[in-house]
Amino acid sequence: MSTAGGIIKALNSGMKHLAVKRFTLRYPEQKLKFVGDGFQFNPETGVGIAGLRGRHILYHEHCTGCQLCAVACEGIAEAIGMVKVNESWKQNKKAIMPQIDYGKCVFCGLCVDACPFYALYMTNDYELSSFTKSALIYTPAQLAVKPKMSQDVEIKIDDRGASHG
Amino acid sequence: MTTPLPPGIELEKIDERIMTLNVGPQHPGSGHMRLIIKVDGDYIVSCDPDPGYVHRGEEKMAEYRNYIQNIPHLERPVIHDSSNILYPYCLAVEELLDIEVPERAKYVRVIASELNRCIYTLYWLAIYGIFLGHSTMFMWPAGDRELFIDLLEAMSGARVTHAFLVPGGVRNDLPANFEERCLRQVNYFEKRLKEYEAIFYQNPLLIARTAGTGILSRTDAIRLGTTGSVLRASGVDFDVRKKEPYDVYENLDFETVVMKEGDSYARSRVPYLEMFESCRIIKDALQKMPKSGSVRTKLKPNPKGGNDEVYRRVESGRGALGYYIVSNNRPEPYRVKISVGSFRNLICIPYLLKGEKLGNMPAVYWSLNYWPVEADR
């Protein structure tokens, strides 16, 4: 009978997968490997450099306080606000730098595209959960810290199927 | 005693035979929309779809933002098909602002669009499987979708809402070794896709539930103005990529998938067969793509459109998706109208469900490739 034959065929194709590697990865212990150090942008050529769009990194020595990142964010998420910093830089007379609210940020990266002074980039850090809303607001000092990320798992494809390492 | 009603108000008379059922809007298999179904026993007498529960005002929002700031919010209606919903917007804005797109960017956009089409179709297939009670068909596409999500994440930096396509090209160049990785994963996926055939499409249980239900004839499909896989499953050979090729689709080698039956089975099978064509397009585009060169035309800081209006459309995962943009010499568009495939396919639900059994409702409804959030915009 064709109906019984079809059901047996369907079951058989599912049974084959009992011997296949598990596709999922054990998340807190294993982490996915991403391309590059994060999303960067070259204002001269107007083209970005591929990488994960995670939390930002702010280079205080390049930031001039021009507010272009905040202007870019205005119609999108309104996550960037300019705040006073207790630092004196030659290029930043007003001493204002961006502060980012990750409760609002959508990680589109258009603020990175807007920065003409190579000051704002994005990193591979995507683990930003916190217990309070106020802890999601990153001050310029917090944004200057480079996150430590351990990533080692990549999709592997062999004769037993695809798996995460 | 009942209080008399105020003058001019009449209560609906309840027929003892006909019962009204509200399916939705809390997503019990309808998406975030409501189907008002009238049943006579087990048979559906009439069906009235009631969309609008997830309206986001995207078109109005677009009038207050400039052409670049519109990018992240315009992809929100279909976050898992975000390249395809941005594609016509980019084409329209490029025409408005007279932007020339580099050759390599065109190929990268086609690759992103086809990868996203596969992501969308696999997501839809997973939901179609689980609503027919086939839980393996939920797990398999949801897992294989990860292959494409990883590729787009390497390309754009985001796993779901990419904001990758911009007027003038794409945001960034492809990473190193992308072509090799893409070929490896797409080749594996094609092998994997063939396994869906035995477990799902040749499965007698699926055929019994979908074949012959919700038949949409060729004439009706054209008359009702359906689009995408619904139109092609009814035997109409129409694909925007073939009929009005945009970017580099005319150089690429692929075929339109057409089925004649017009029932739920054909509508569920057409997107599956199109995934093979998508893989073919991706491999062809990787081969024909210029190996180096610019991927983005630099725009002026706050570009202004002239006094002009433009309509451009592309083939998305759910059918023709078009943007109509009117500009009036300002950095913001004067009016943005999004014409989506989901809303156009919604109209045939009353015709398809009339006379069907209530149990066939999920099989017919989900075969329409309908996405409520996109329809409401």
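Predicted model: local features only at pLDDT ≥ 70, side-chain atom pairs only at ≥ 80, totals over all residues.
Let us start at a chain end: B:G8 sits in the segment before β1 (18-23) of chain B (helices, H or I, of at least four residues and strands, E, of at least two are DSSP runs, numbered from the N terminus). B:G8 is exposed, with 5 other C-beta atoms within 10 Å. For reference, a residue is buried if 20 or more other C-beta atoms lie within 10 Å of its own, exposed if 12 or fewer, and partly exposed in between, with C-beta atoms placed from the backbone.

Residues are numbered from 1 along each chain as its sequence is written, and chains are lettered from A and ligands numbered from 1 in the order in which they are written. The predictor gives the complex an ipTM of 0.83 and a pTM of 0.88. For chain B the average pLDDT (the predictor's confidence in each residue, from 0 to 100) is 87, and 98% of the residues score at least 70.

### The two chains

Chain A holds four helices and nine strands, and its pattern along the sequence reads α-β-β-β-α-β-β-α-β-β-α-β-β. Its radius of gyration is 23 Å, well over the 15 Å that the globule rule gives for 165 residues, so chain A is more spread out than a compact globule. Here the radius of gyration is taken over C-alpha atoms, and the globule rule is 2.2 Å times the number of residues to the power 0.38.

Chain B has 15 helices and eight strands. With a radius of gyration of 22 Å, close to the 21 Å from the globule rule for 377 residues, chain B is as compact as a globular protein of that length.

| Chain | Span of the C-alpha trace along its principal axes |
|---|---|
| Chain A | about 85 × 40 × 30 Å |
| Chain B | about 80 × 55 × 35 Å |

Buried residues make up 35% of the 165 residues in chain A and 52% of the 377 residues in chain B. Two residues are in contact if their C-beta atoms, placed from the backbone, lie within 7 Å.

### Where the chains meet

At the interface, 29 residues of chain A are in contact with 33 residues of chain B. On the chain A side, α1 (2-15), β2 (47-49) and β8 (155-158) each supply at least two residues. The largest share of that side, seven residues, comes from α1(A). By type, the residues of this side of chain A divide into 17 nonpolar, ten polar and two charged (Ala, Val, Leu, Ile, Met, Phe, Trp, Tyr, Cys and Pro count as nonpolar, Asp, Glu, Lys and Arg as charged, and the others, Gly among them, as polar).

### The nonpolar core

A nonpolar core is a set of buried Ala, Val, Leu, Ile, Met, Phe, Trp, Tyr and Cys residues joined through C-beta atoms within 7 Å. The largest such core has 141 residues, of which A:C69, A:C73, A:C111, A:C115 and B:L115 touch the most other members. Helix α4 (residues 103-131) of chain B gives the largest share of this core, 15 residues. Leaving out residues up to four places away in sequence, A:C73 touches A:E78, A:A79, A:I80 and A:C111.

Helix α3 (residues 82-97) of chain B has 16 residues, which at 1.5 Å a residue should span 22 Å, and its end C-alpha atoms are 22 Å apart, which agrees. The expected span of a helix is 1.5 Å times one less than its number of residues. Of the 16 residues of α3(B), 15 are buried, so this helix is largely enclosed by the rest of the structure. B:D98 follows α3(B) and has a positive phi, near 55 degrees.

Helix α5 (residues 136-156) of chain B, with 21 residues, should span 30 Å, and its end C-alpha atoms are 30 Å apart, in agreement. α5(B) is mostly covered, with 15 of its 21 residues buried. After α5(B) comes B:G157, whose phi is positive, near 100 degrees.

### Positive phi beyond glycine

Most residues other than glycine have a negative phi. B:A163, in the loop between α5 and β4 (165-166) of chain B, has a positive phi of about 45 degrees although it is not a glycine. B:A163 is buried, with 25 other C-beta atoms within 10 Å. B:R377 lies in the segment after α15 (372-376) of chain B, and its phi is positive too, near 55 degrees. B:R377 is buried, with 24 other C-beta atoms within 10 Å.
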